[in-house]
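Subject: Structure handover

Hello,

Here is the structure for you to look at. My notes follow below it.

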Amino acid sequence: MNTAAVQTRRKNIDIREDVYRFLSIKAAASGTNLKNYIEALLEKEVEDMDEAATYQYLCNVRPDGDVELSEEETKDFENWLGL
């Protein structure tokens with residue numbers, strides 16, 4: 001069993017009433033509560049993210065960083081991502 005503590009962050013969100021009802025029904029049908037159902041949906045969304053596309057987006061939109069990689073380091077990283 002992994003004993004490392006998983007860090008979490010609490011965030012209040014606003015959900016439209018119709019969305020709230022629909023997700024509550026889906027949660028009940030899945031045998032869980034709304035909070036756990038939404039958390040699972042968000043975790044699944046992260047798992048499904050395309051890492052290469054995310055990296056490319058971040059390079060184009062937020063090219064900030066304290067240390068620039070050498071050309072070789074950049075190519076190695078891009079190869080690791082499959083770009």
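How far apart are Glu 39 and Lys 35 in helix α2? They are four residues apart in that helix, which covers residues 34–47, so about one helical turn separates them. More on that pair below.

First, the basis. This is a predicted model, in which local features need pLDDT of at least 70 and side-chain atom pairs count only at pLDDT 80 or more, while totals for chains, interfaces and linings use all residues. Residues are numbered from 1 along each chain as its sequence is written, and side-chain values use heavy atoms, with hydrogens and water left out.

**Overall**

The protein has four helices and zero strands. Its pattern along the sequence is α-α-α-α. Helices and strands here are DSSP runs, numbered from the N terminus (helices are H or I, at least four residues; strands are E, at least two). The protein has 83 residues, and 10% of them count as buried. Buried means under 20% relative accessible area, exposed means over 50%, and partly exposed lies in between (1.4 Å probe, protein chains only). The accessible surface is about 8100 Å². Carbon and sulfur atoms hold 51% of that surface. Areas come from the Shrake-Rupley method with a 1.4 Å probe; for residues, only the protein chains shown count as cover.

**Salt bridges**

Side chains of opposite charge can pair when their charged atoms come close. The structure holds five salt bridges. The cut-off is a side-chain nitrogen of Lys or Arg within 4 Å of a carboxyl oxygen of Asp or Glu.

- Glu 39 with Lys 35: the closest N and O atoms are 2.7 Å apart. Glu 39 is partly exposed, because its relative accessibility is 34%.
- Lys 44 with Asp 48: the N to O distance is 2.9 Å. Lys 44 has a relative accessible area of 45%, so Lys 44 is partly exposed.
- Arg 21 with Glu 17: the N to O distance is 3.8 Å. Both residues lie in helix α1, four residues apart, about one turn of the helix. Arg 21 is partly exposed, at 46% relative accessible area.

**Helix packing**

Two packed helices are described by the angle between their axes and the distance between the axes. Helix α3 (residues 51–61) packs with helix α4 (residues 71–81) at an angle of about 145°, and the axes are 9 Å apart. Axes are lines fitted to C-alpha atoms, for helices over the stretch in contact, and angles run from 0 to 180 degrees between N-to-C directions. From α3, Glu 51, Ala 52 and Tyr 55 make the contact; from α4, Thr 74, Phe 77, Glu 78 and Leu 81 do. Contact means heavy atoms within 4.5 Å. Four of these residues are nonpolar, one is polar and two are charged. Ala, Val, Leu, Ile, Met, Phe, Trp, Tyr, Cys and Pro count as nonpolar; Asp, Glu, Lys and Arg as charged; the others, Gly among them, as polar.

**Surface patch**

Which residues form a nonpolar patch on the surface? They are Ile 13, Ile 15 and Tyr 20, with about 280 Å² of accessible area together. Patch residues have over 30% relative accessible area and no salt bridge; like charges are joined within 9 Å, and nonpolar side chains (Val, Leu, Ile, Met, Phe, Trp, Tyr) within 5 Å. Ile 15 sits in the segment before α1 (17–29). Its relative accessibility is 31%, so Ile 15 counts as partly exposed.

Best wishes
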